[in-house]
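Here are my notes on this model. Please read them with the structure open.

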Amino acid sequence: MGDDGENATLKNLRGIQASLADLRSETMTRFDRLEARSDRLNVAGMRVTMRATAVRFDARVSEVEDRVAAQESRTDRGSSAERMACAASEIDRKQGTRQSETIQPS
């Protein structure tokens, strides 16, 4: 009867050990699935963040381009008038006349 008690105890311990091993493998499988899901969610989150950043960047670049275009249009208007004044001054200098003398009212 002593051998039967030891055998039953060993049998129970082996059964517990086997169930712990099964539990461990099930836990690892579940953990792997959760980790894969977490990775997919992280990737999705990064894609959303990257897209939002790209949209904001495009908006800011467009804003800067608009400002540059506005500045260039102001500068072009001013510089063409300046160029005309400089050309007139150069002509006056070469001719020895003043701009006020060359302009005659109609």
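1. Surface first. The chain exposes about 10,000 Å². Carbon and sulfur atoms supply 56% of that area. Keep in mind that this is a predicted model.

2. The chain has 106 residues, and 3% of them count as buried.

3. The fold is quickly listed. The chain has 2 helices and 0 strands. Helix α1 covers residues 2-95.

4. Look at the nonpolar patch on the surface. Its members are Leu10, Leu13, Ile16, Leu20 and Leu23. Together they have about 480 Å² of accessible area. One of them, Leu23, is found in helix α1.

5. How many salt bridges does a search of the whole structure find? The count is 1. Glutamate 63 forms a salt bridge with arginine 67. Their closest N and O atoms are 3.1 Å apart, and the cut-off for a salt bridge is 4 Å, so the pair qualifies.

6. Are the two partners exposed or partly exposed? Glutamate 63 has 41% relative accessibility, so it counts as partly exposed. Arginine 67 has 58% relative accessibility and therefore counts as exposed.

Conventions:
Residues numbered from 1 in each chain as written. Predicted model: local features only at pLDDT ≥ 70, side-chain atom pairs only at ≥ 80, totals over all residues. Heavy atoms only, no water. Helix = DSSP H or I, 4+ residues; strand = E, 2+ residues; numbered from the N terminus. Buried < 20%, exposed > 50% of the residue type's maximum accessible area, 1.4 Å probe, protein only. Areas by Shrake-Rupley, 256 points an atom, 1.4 Å probe, with all protein chains shown as cover. Patch = residues over 30% accessible without salt bridge, like charges linked within 9 Å, V, L, I, M, F, W, Y side chains within 5 Å. Salt bridge = Lys/Arg side-chain N within 4 Å of Asp/Glu carboxyl O.
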